[in-house]
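Trainee: Hi! Could you walk me through this one before I set anything up?
Mentor: Happy to, let's have a look together.

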Amino acid sequence: MTAVIVETQSAIHDYPRIRSVLALSRVEARRMVVHPAYLVAAVYVVTIMGSDLFQATDNNRKTVIETIEMFALFLFAMISIIPASLVATSARRAGAEETLSAVPATPRMRTAAILLGACAPAAIATLAVLISYVLRQDLPPFTDIPELTGAAVASTPLLYLGAAALACAAARWLPWPGVPIVVLVGLVIWVANTHTSHSAAAVLTAPWLAYPDMDDANHIAGYSGLWHLGYLLGLTLLAATAALWRDDARRMTAIGIPIGLFTALAGWAQLP
Amino acid sequence: MTTIEAIGLVRRFHRTTAVDGATLNITAGVTGLLGPNGAGKTTTLRILATVLARDSGSLRMLGRDPSNPADRLEIRRRLGYLPQDPGYQRGFTVFEFVDYIAILKEWTVRRARHDEVRRVLDMVGLSDVRDTKIRKLSGGMRRRVGLAQALIGDPELLILDEPTVGFDPQQRLRFRDMISQAGEGRTVLLSTHLTDDVAAICGRIVVITAGRTVFTGTPSEVAATAAGRVWSSADRDPAADVAWRTEDGRFRNLGTAPDGAHLLTPTLDDGYMLLVGTPGADEVAA
């Protein structure tokens with residue numbers, strides 16, 4: 001069946017609807033945080049860290065720092081596409097769209113709730129990175145792992161929110177099985193390629209990269225951490241706009257154009 | 001007061017016309033939508049549930065026009081809908097699913113919402129399995145979960161598409177009781193193939209065939225359309241459109257009765273059968 005009623009409710013401003021989005025976002029947050037993708041990865045992290053701690057008797061704190069940063073800033077951030085995508089597509093996969101089409105909440109509200117719900121895993125990851133940041137404070141700089149800058153800490157929530165927004169956009173625009181995996185693999189290949197390219201512009205403009213200067217071989221001198229943060233924020237907002245555009249084209253176009261311009265400006269301004 | 005006033009509803013899917021000028025006038029109480037497979041019942045209910053837009057015709061529900069976004073929102077706030085094939089998200093428990101729908105129906109205060117979810121689960125007899133994953137339930141129990149979500153907020157208008165599919169006899173009797181209660185003071189529109197359900201609980205019946213309304217009336221009025229067209233005979237009467245052997249070993253024949261036939265009192269089944277299953281049915285009107 002096609003040609004269902006298309007919601008164009010941009011003119012409807014109603015306080016209960018905002019409260020519905022907030023209440024729904026709490027449910028979506030819980031669904032994402034307890035998603036098996038995270039749980040499996042968490043078990044893996046605990047196992048790795050436990051094993052390392054058991055073997056390393058002289059520098060346990062460094063083991064904890066390294067594990068937290070590696071997983072919170074890379075592995076978990078990448079796989080956060082999967083829970084967000086599965087939550088965003090769950091109604092369609094379950095064939096529940098018709099039931100949800102007859103309720104006051106619109107698809108736009110559900111998308112907004114998922115985007116807000118993604119704040120929960122983002123907050124947990126940011127807390128973990130902050131702990132790592134504090135643990136580093138009275139230690140001399142490490143030579144074999146990248147320095148954890150304030151900008152990298154500040155970018156942590158954006159990695160998760162960006163991944164969730166990208167997942168929602170893919171779910172809204174490419175509603176087919178396997179798309180989240182394709183998006184995830186594409187993102188990984190893109191980021192991995194930029195690190196071997198030795199091009200500062202390619203590395204800095206890679207999507208949702210917390211550590212542009214990951215190691216000495218790829219050290220990028222003179223880029224603006226603040227503008228890089230702005231660039232990541234712009235990408236995140238653009239992905240969120242794309243996710244919401246499907247159900248609210250006019251308003252999202254108006255919002256998306258300045259966000260796009262800002263992202264382009266930040267992408268250019270961050271370059272050395 | 002008229003809850004649903006539809007005149008000449010038309011809905012096409014490519015070259016197929018699923019609803020072809022259906023006209024409905026639904027008031028408070030329980031109304032049954034009867035019709036053969038492919039008659040357009042589900043498409044009609046989807047239009048009334050604000051899931052599908054109509055191609056033409058006029059429609060007012062609860063005093064509002066569903067093609068207007070603000071009106072549609074207000075209708076949805078006062079509507080409960082059970083689709084023919086409601087899906088359920090994997091991994092949700094019964095309580096979580098109904099709670100999720102309650103949030104989508106703007107029940108934002110947690111305690112009040114949970115009380116409401118418990119109320120509707122109790123109504124459909126699912127309180128004991130509220131913490132069970134939906135995927136572990138039987139088909140009939142899943143159907144009741146769907147019914148529970150439709151009942152949230154005690155909606156003024158309840159639209160149920162084949163609500164008793166998968167129910168065992170005990171569940172059907174319980175459903176009749178529940179719908180009879182729900183129909184007091186509000187409007188329930190349900191589609192079904194089961195004429196005994198309709199006879200038991202529906203005050204009015206709308207018969208649809210080929211996307212058009214062919215009859216609107218009470219169950220006894222539907223039965224009355226078969227007056228003089230049902231007769232008994234020792235053998236199958238060749239003049240009958242439909243005939244079957246009954247408990248007493250004689251044949252019950254439907255069609256144009258021959259002179260001198262032993263006429264029987266028609267039932268709802270007889271009337272329905274003659275309305276939808278014989279040539280010229282479209283010409284019968286209440």
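Mentor: One term to begin with: a salt bridge is a side-chain nitrogen of Lys or Arg within 4 Å of a carboxyl oxygen of Asp or Glu.
Mentor: This is a predicted model, where local features need pLDDT of at least 70, side-chain atom pairs count only at pLDDT 80 or more, and totals for chains, interfaces and linings use all residues. Residues are numbered from 1 along each chain as its sequence is written, chains are lettered from A and ligands numbered from 1 in the order in which they are written, and side-chain values use heavy atoms, with hydrogens and water left out.

Trainee: Good. How many salt bridges are there between chain A and chain B?
Mentor: The count is two. In one of them, the side chain of A:Glu98 meets that of B:Arg46, at 3.0 Å from N to O.

Trainee: And which elements of chain A give two or more residues to the side that touches chain B?
Mentor: Those are α1 (15–33), α4 (81–94) and α5 (97–101) of chain A. The largest share, nine residues, comes from α1(A). Helices (H or I, at least four residues) and strands (E, at least two) are DSSP runs, numbered from the N terminus.

Trainee: What classes of residue does that side of chain A have?
Mentor: It has 18 nonpolar, eight polar and eight charged residues. Here Ala, Val, Leu, Ile, Met, Phe, Trp, Tyr, Cys and Pro count as nonpolar, Asp, Glu, Lys and Arg as charged, and the others, Gly among them, as polar.

Trainee: How much area do the two chains bury between them?
Mentor: About 3100 Å², with 61% of it on carbon and sulfur atoms. Buried area is the accessible area (1.4 Å probe) that two parts lose on being put together, summed over both. In contact terms (heavy atoms within 4.5 Å), 34 residues of chain A touch 33 residues of chain B.

Trainee: Switching topic: what is chain A built from?
Mentor: Chain A has twelve helices and zero strands. Of its 272 residues, 48% count as buried, meaning under 20% relative accessible area, with exposed over 50% and partly exposed in between (1.4 Å probe, protein chains only). Among its contacts between residues at least 6 apart in sequence, 76% join residues at least 24 apart.

Trainee: Now chain B. Where is B:Ser232?
Mentor: B:Ser232 lies in strand β10 (residues 230–233) of chain B, and B:Ser232 is buried, with a relative accessible area of 10%.

Trainee: Which residues is B:Ser232 in contact with, leaving aside its neighbours within four places in sequence?
Mentor: B:Arg250, B:Phe251, B:Asn253, B:His262 and B:Leu264. The side chains of B:Ser232 and B:Arg250 are also joined by a polar contact of 2.8 Å. That term is for a pair of N or O atoms within 3.5 Å; within protein, one must be able to donate a hydrogen and the other to accept it, and residues adjacent in sequence count only if both atoms are side-chain atoms.

Trainee: Is phi of B:Thr50 positive or negative?
Mentor: Positive, near 65 degrees, in a residue other than glycine. Most residues other than glycine have a negative phi. B:Thr50 is in the loop between α1 (41–48) and β4 (56–61) of chain B, and is buried at 1% relative accessible area.

Trainee: What about B:Leu62, buried or exposed?
Mentor: B:Leu62 counts as buried, at 9% relative accessibility. Its phi is positive, near 50 degrees, and B:Leu62 sits in the loop between β4 and α2 (69–77) of chain B.
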